[in-house]
Amino acid sequence: MTTPRTVELVVNGEHRAGDAEPRMLLSDFLREQLGLTGTHVGCEHGVCGACTVLVNGEAARSCLMLAVQAAGTEVRTIEGLGGVDDMHPLQEAFWEKHGLQCGFCTPGMLMTAVELLESTPNPSLDDIREAISSNLCRCTGYQTIVEAVQAAAERMQGEAQ
Amino acid sequence: MYVGQAIRRREDERFLRGRGRFVEDITLDQPIAHAAFVRSPHAHAAVTHVDTAQAAAMPGVLAVLTGADWTAAGHGEAEGVWPVKDMSGADSRTAYRPLICVDGVVRCVGEIVAMVVAEDRHQALDAAEAIEVAYEEKPANTITAGALDPDIPLVHPAFGTNEVMVTEHGLKEETEAALANAHHVTEVVVPTNRVTAASMEPRAYLGHYDRVNDRYTVWTTNQAPHIVRRYFTKSLHIPEHKLRVIAPDVGGGFGMKLYHYPEEGLVLWGAIVCDRPVRWVGTRSECLLGDTHARDHHTVGRMGFDENGKILGVKFETLAAFGAYESQWQASITNAYHFTMLSLAYDIPAIHTQVRAVYTNATPVDAYRGAGRPEAVYQVERMIENGAQEMGIDPLELRARNLIPPEKFPYQTALGITYDSGDPPVLMGKIKALADYDALRAEQARLRAEGQWMGIGISAFFDMAGAGPVKMMNDLGAKVGCYDVASVRVHPDGRITVFAGSHSHGQGHETTWSQIAADRLGCDIDHIDLVEGDTDRVPMGIGTWGSRSLSTAGMAVYTAADRVVAKAKRMAAHMMECAPEDLDLADGEFTVKGTDRKLSFAAVANASYHSGDRPSDLEIGLEETSFFDPADCTYPSAIHLCVVLVDPETCAVTLRNYWAVDDVGTVINPMVLHGQVHGGLVQGIGQALMEECAYDAESGQYLSGTFMDYAIPHAEDVPSFGLDAHFTRALGNPLGAKGAGESGTIGAPACICNGVIDALWHLGVRQITQPMTPKKIWRAIEDAKRTQH
């Protein structure tokens with residue numbers, strides 16, 4: 001049970017490999033084996049959403065998934081969201097609208113919003129509130145996050161046209 | 001001018017890119033070992049035997065340590081930063097929270113009995129499970145309301161009582177007389193629920209001991225690293241100059257991360273014993289159990305009115321929960337921030353309050369965003385609401401009749417505190433217009449006729465923010481000097497580093513402190529960097545809590561920057577052959593008034609370090625430090641108004657609208673201000689409607705140990721907020737700024753509860769305890785039906 005196995009997967013477009021005991025969580029694997037500490041663990045029981053990453057394009061709680069389950073998948077984390085010189089429209093909008101305070105829930109909140117806007121490019125405010133209700137934030141009161149996601153959607157829609 | 005501008009935050013990019021550096025993210029050039037703890041599963045028990053042999057032999061285990069080892073090492077305890085005192089001045093019945101169980105008795109679920117240090121976290125957890133602890137259970141009580149009843153088990157039998165201390169404040173005889181002569185007296189039992197901050201980042205600590213150089217380092221999820229350093233002198237007896245405390249990026253604190261927690265001392269102890277860096281990262285369950293809890297006052301109040309609804313007097317009797325031990329800052333609530341604020345925004349001639357602090361077999365209680373003021377506002381506002389309803393006076397109108405009029409400022413309350421500035425009637429006028437109050441009352445009547453339950457809630461209050469002054473806070477019981485400090489270092493190239501004794505864990509100091517400094521220094525904000533949260537880089541400080549940082553550390557930045565400018569002007573005047581008074585500084589240049597003669601700030605900075613040609617009495621260098629002791633606290637004020645809808649089928653509450661009008665004095669960054677208000681409101685909404693640290697009354701077991709059981713609000717649970725503001729200058733600091741961090745949590749619970757009571761008053765409901773869950777609302781309605789029939 002504790003014998004490590006090699007887990008190979010694609011993270012943020014790069015082929016990566018690391019050792020994981022079968023009981024190792026994907027969140028711990030990303031943080032400890034791959035050094036991607038942008039994925040945060042807020043509750044390790046799947047409620048707070050801070051650890052949200054995209055696995056094959058779908059938002060997943062990386063604290064509820066074993067690393068070995070992620071073998072062969074494509075994982076996207078916060079570190080892959082922006083470029084070196086530019087940021088994703090969601091990152092820009094969170095910055096402009098004050099959609100973060102302490103920054104701990106922010107990576108998971110952003111990855112959740114990425115999934116929303118990739119599946120629903122033009123969400124209503126209610127859609128946004130519903131989508132981000134999978135994630136907890138204790139600082140912002142959510143209003144600025146809702147406004148940020150809306151602003152990013154508008155900008156991405158504008159760029160798409 | 002940067003002050004007043006909604007500048008986007010300079011710290012945000014690292015968080016947005018996942019490059020924040022939290023305690024769990026720290027790497028060192030040595031492998032880091034991990035700690036795991038064995039915690040009491042019982043609310044009250046004797047620890048009769050601890051067998052660590054099997055655990056010690058397990059793979060990867062470096063050490064297994066117990067209270068006996070702690071005692072043998074001669075270590076101490078985390079003494080009070082703000083300890084309780086009896087009214088007589090005698091020591092209270094104090095039992096500080098131990099870092100690890102040392103006396104063979106555990107007094108609440110979660111108390112640490114043993115620690116394992118192992119190579120990795122899984123090995124530490126495996127070994128912790130292999131430790132065998134034998135307990136002999138004792139009777140326990142977790143309920144505050146009954147803690148002093150005669151047959152209740154004693155948490156600390158040596159004291160002979162569960163009472164920690166009694167404190168009384170205000171005008172006793174005048175209050176009794178006012179109540180006796182009142183036209184109408186309202187009496188309500190108003191308990192505040194036990195809640196916890198639940199910051200999204202769990203608490204975490206990393207300890208390191210450099211044996212060769214005899215230097216200790218602790219990385220901590222803490223809001224006040226200098227105070228941590230101070231109390232390590234008590235727990236591990238480490239001299240302050242030997243210890244470096246680093247609070248890096250911290251994921252929310254809300255007061256809860258202000259304390260020298262058991263795990264913090266224990267990881268450094270483990271690091272010393274194992275000669276290895278040791279880290280512990282709390283699980284959510286450990287944090288919901290071991291983070292300080294908050295509120296949990298059981299209060300009975302009586303308020304007397306004259307025939308016009310003018311409040312004549314109010315009297316409170318409170319049992320205030322301490323939990324199993326006295327936490328470090330506990331008395332800042334019972335002996336300072338609660339009683340002082342009971343007048344709220346009202347001109348109440350007579351107030352008397354008695355608080356009896358009690359031990360129970362529950363997690364220690366300490367400050368959490370608001371710390372005593374949410375309790376005070378809830379207690380007073382629930383009286384006012386019921387009084388208005390009983391007397392048939394419109395609740396907003398009754399409040400308006402009692403607000404402190406502007407001409408009475410500075411206003412001394414019946415509790416002896418003096419609000420320096422404010423204008424509550426203006427706030428009331430603004431919120432009435434913002435919410436379109438008369439239209440809301442008309443809508444309420446229409447909906448009620450249709451069988452729908454709509455309620456309007458109001459709360460109006462003052463906050464005491466910005467601790468110190470040092471002497472005032474000492475007099476209220478603080479054993480730390482409530483100043484703060486900043487240094488402004490101008491480098492020879494004219495760029496600036498600001499060092500501050502505050503700590504930002506979401507508040508945005510890298511932006512707001514730079515706004516203040518840039519204005520004073522006449523420079524580009526991008527020429528300024530801020531350093532906080534490292535006791536080796538910022539030698540002194542008191543940290544961020546109680547909405548104090550702007551009016552203490554922020555003002556130290558302001559003052560130190562002014563001193564830098566004064567010194568730089570002397571150097572510039574020497575270089576430009578004029579008098580310092582003839583110089584203006586703006587846009588990075590000194591200009592001789594009325595001329596076009598200019599000299600860059602950078603050139604003056606360079607000369608300040610590298611030129612031998614300077615005034616003979618001017619010291620080399622351009623760096624100034626200010627220890628700022630404010631002239632007064634700050635007294636921000638606010639009025640909140642909300643609309644709730646209670647579903648007659650399910651009794652679920654929908655918070656439809658929420659408005660707040662705040663007076664926080666001068667605003668540095670309105671975007672940051674709104675963020676503080678929003679966040680506080682949602683925490684207050686959580687307290688009113690869903691949050692509760694619950695214990696099983698029979699067994700003393702903790703029932704709120706996961707985020708499935710401890711409900712904090714999601715985005716769908718809260719509305720968008722309507723905010724407005726009115727500004728009166730604070731008199732105690734040069735910027736005229738008031739604290740702004742706690743208004744939301746202070747006002748929201750009372751406002752929402754008043755709204756729910758207003759929605760249900762016509763059904764005979766008079767009081768529902770927080771959190772106002774559908775089950776409690778349904779029960780209250782059913783009880784009211786039975787009473788009426």
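Me: Among contacts in chain B between residues at least 6 apart in sequence, what percentage join residues at least 24 apart?
Reply: This is a predicted model, so the figure describes a prediction. The count takes contacts in chain B between residues at least 6 apart in sequence. Of these, the share that joins residues at least 24 apart is 81%.

Me: What share of the residues in chain B is buried?
Reply: A residue counts as buried if 20 or more other C-beta atoms lie within 10 Å of its own. Over the 789 residues in chain B, buried residues make up 60%.

Me: Is B:G705 buried or exposed?
Reply: B:G705 is found in the loop between α18 (670-689) and β30 (721-725) of chain B. Leaving out residues up to four places away in sequence, it touches B:S285, B:L288 and B:L289. The cut-off for a buried residue is 20 or more other C-beta atoms within 10 Å. B:G705 has 21 within that distance, so B:G705 is buried.

Me: How many residues does domain 3 of chain B give to its contact with domain 2 of chain B?
Reply: In the domain assignment of chain B, domain 2 is 372-467 + 633-776 and domain 3 is 484-628. The C-alpha centres of domain 2 of chain B and domain 3 of chain B lie 40 Å apart. Domain 2 of chain B gives 18 residues to the contact, and by class these are nine nonpolar, seven polar and two charged. From domain 3 of chain B the number is 13 residues.

Me: Which element gives the most to the side of chain A that touches chain B?
Reply: The contact takes 41 residues from chain A and 39 residues from chain B. On the side of chain A, the elements that give two or more residues are α2 (89-97), α3 (106-119), α4 (125-132) and α5 (143-160). By class, that side has 19 nonpolar, 16 polar and six charged residues. With four residues, the element that gives the most is α2(A).

Conventions: Residues numbered from 1 in each chain as written. Chains lettered and ligands numbered in written order. Predicted model: local features only at pLDDT ≥ 70, side-chain atom pairs only at ≥ 80, totals over all residues. Buried ≥ 20, exposed ≤ 12 C-beta atoms within 10 Å, placed from the backbone. Contact = placed C-beta atoms within 7 Å. Nonpolar A, V, L, I, M, F, W, Y, C, P; charged D, E, K, R; others polar. Domains from an automatic or database assignment.
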